[in-house]
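Please read the following report alongside the sequence and the model.

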Amino acid sequence: MSIKDLEKSLKIKKLSGWEKLKSSEKEIFEFSENYKNFLNYAKTERRAFDFILQRAKSCGFKTVDKADKKCKKLIIANRGKSLALVKVGKNSIEKGIKIVVSHLDSPRLDLKQNPLFEDAGVALLRTHYYGGIKKYHWLSIPLSLYATFIKADGEKMEIVIGEEQNDPVFTITDLLPHLSRKSQEDKKLSDAIQGEKLVVVCGGIPILSDEDDSVKEGIKLNILKLLNEKYNLIEEDFLSAEIEMVPSFKAKDVGFDRSFIGAYGQDDRVCAYASMEAFLQSESSDDTIVALFADKEEIGSDGNTGTKARFIEYVVSKILEKYFNTSSEFLLKEILFNSKAISADVNGALDPVYQDVHEKQNAAIIGYGVCVTKFTGSGGKYNANDANAEFVGWIRSILNKSNITWQTGELGKIDEGGGGTVAKFLAEYGMDVIDIGTALLGMHSTFEISSKVDLYETFRAYKTFLNA
Ligand code: MN
Ligand code: MN
């Protein structure tokens, strides 16, 4: 055997997904167009929920309360923020099910419960950031507002401002460089902007009246008047509202060759979209399969719509009750223990400009296919899910059989990086679980970058898993 042949047969060959998938370029770009439409609609977890719910209904899925026993396509929803799509298969359920879990929430700015005030000629809204942000990303960009108000009489009202062409937007001003040397530039990046400084500009015209010109905070009052006229709101309604500020930009192609997609919220809506499509298109599975879309991942999966609320137990219990007439605790445990899951979440791609934070031999490269992350956590694999070699081997074999372009990834250098996903919470049931998702550049920024070919391979990888 020649040295060349030896090299070919022994060494791992990393190949760009574009090279491998030359013949699928048209499908890749079409898939990306639909994904961008999803991103533009689904800028919050509630909107993503809504999109997936409607899409599943259009494919014949029924909510669990409306489905009869013959209907094997279920939607199980959790409070408008998290949901599971279920296909009940022919195979015996105690041997386990297949689950793909992504998350619908992304880092953002929430408004505080008492947000509105006025100072120095400007009406402003106080925010409280949600998830891991770099605060400076949120300065001096157009922001949209997504509000869910629950009024005193229980009426629910949703408001979106900033997405239509003629909508106003909101913004957080930054200090001019002429004045920011001491208050920002001389400080550590993490200290330069405090959380309380993230206040959103929302108005500037005081209330105009003939009677009494001594009204305090006239701009604030004028905004309350506007909100009352248009939406019948009073200031107290903010107390029982969830109002999220997100970047107003639309998803865009990036680059002369349009190879990348730039958009807010791709962590983790890239995996959410890919898993939704993979799930809806996976017709040949005989196993019971579940696409689960979680909330609250960005704040540690705590809360009643997060993975720690054990929604998967509820979902499987519902299936058992509906189709198997049992509520056996043991059977539930048996099923979860024997299940296989993908934690469908993103990873950080090797940043070409900051390569030294990665260990290059084990970092995922953007455009080189879907990223399989054996373990998460940080330091000495603390707080990790670490998939065993047997499960990684099985994943490897099914991905190779379907000719998926895939690579492995880690989240940065051992002593530098780290992070968790929902994987470790699923592992608590004893099921096999591994992280598989798209590698992003600029992850957790307001304009994250994905590769179209990686998106497509992520979709194909999930489909392969669900059908395997
Ligand atoms: Mn994520
Ligand atoms: Mn994240």
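## Overall fold

Among contacts in the protein chain (heavy atoms within 4.5 Å) between residues at least 6 apart in sequence, 77% join residues at least 24 apart. The model is a predicted one, in which local features need pLDDT of at least 70 and side-chain atom pairs count only at pLDDT 80 or more, while totals for chains, interfaces and linings use all residues. Residues are numbered from 1 along each chain as its sequence is written, chains are lettered from A and ligands numbered from 1 in the order in which they are written, and side-chain values use heavy atoms, with hydrogens and water left out.

The secondary structure of the chain comes to 13 helices and 22 strands, these being DSSP runs numbered from the N terminus, with helices of class H or I and at least four residues, and strands of class E and at least two. A compact globule of 468 residues would have a radius of gyration near 23 Å, and the 24 Å of the protein chain agrees with this; the radius is taken over C-alpha atoms, and the globule rule is 2.2 Å times the number of residues to the power 0.38. Along the principal axes, the C-alpha atoms fill a box of roughly 90 × 60 × 45 Å. Buried residues make up 50% of the 468 residues, where buried means under 20% relative accessible area, exposed over 50% and partly exposed in between, with a 1.4 Å probe and protein chains only.

## The manganese site

The manganese ion (ligand 1) and the manganese ion (ligand 2) are 3.3 Å apart, and aspartate 267 coordinates both. Histidine 103 in strand 4 (residues 98-103) and aspartate 345 in the loop between strand 14 (340-343) and strand 15 (347-348) form a pair that links distant parts of the chain, 242 residues apart. Histidine 103 counts as buried at 1% relative accessibility, as does aspartate 345 at 6%.

Glutamate 298 is buried, with a relative accessible area of 12%. Donors here are N, O and S atoms within 2.8 Å of the metal (3.2 Å for Na, K and Ca), and since water is not among the atoms, sites may look incomplete.

## Pocket and cavities

The second largest pocket has a volume of about 760 Å³ and is lined by 23 residues, of which Ile12, Lys14, Trp406, Gln407 and Thr408 lie nearest its centre. Strand 16 (370-373), helix 11 (389-401) and strand 18 (406-408) each supply at least two residues of this lining, which by class has eight nonpolar, nine polar and six charged residues. In this classification Ala, Val, Leu, Ile, Met, Phe, Trp, Tyr, Cys and Pro count as nonpolar, Asp, Glu, Lys and Arg as charged, and the others, Gly among them, as polar.

A search of the whole structure finds three cavities of 30 Å³ or more, and the largest cavity has a volume of about 60 Å³. Strand 13 and helix 9 each supply at least two residues of its lining, which has six nonpolar, four polar and no charged residues. On a 1 Å grid over the protein atoms alone, a cavity is a set of points where a 1.4 Å probe fits but cannot get out, and a pocket is an open set with protein on both sides within 12 Å along at least five of seven lines; lining residues have an atom within 4 Å of a point. Grid points are joined across faces, edges and corners, and a volume is the space filled by probe spheres set on the points.

Glutamate 277, in helix 8 (residues 266-281), is buried with a relative accessible area of 5%. Residues up to four places away in sequence not counted, glutamate 277 touches Phe31, Arg55 and Phe459.

Lysine 87 has its place in strand 3 (residues 82-87) and counts as buried at 10% relative accessibility. Its contacts, leaving aside neighbours within four places in sequence, include Phe61, Phe279 and Ser282. Lysine 87 and serine 282 are 195 residues apart in sequence and 9.6 Å apart in space, C-alpha to C-alpha.
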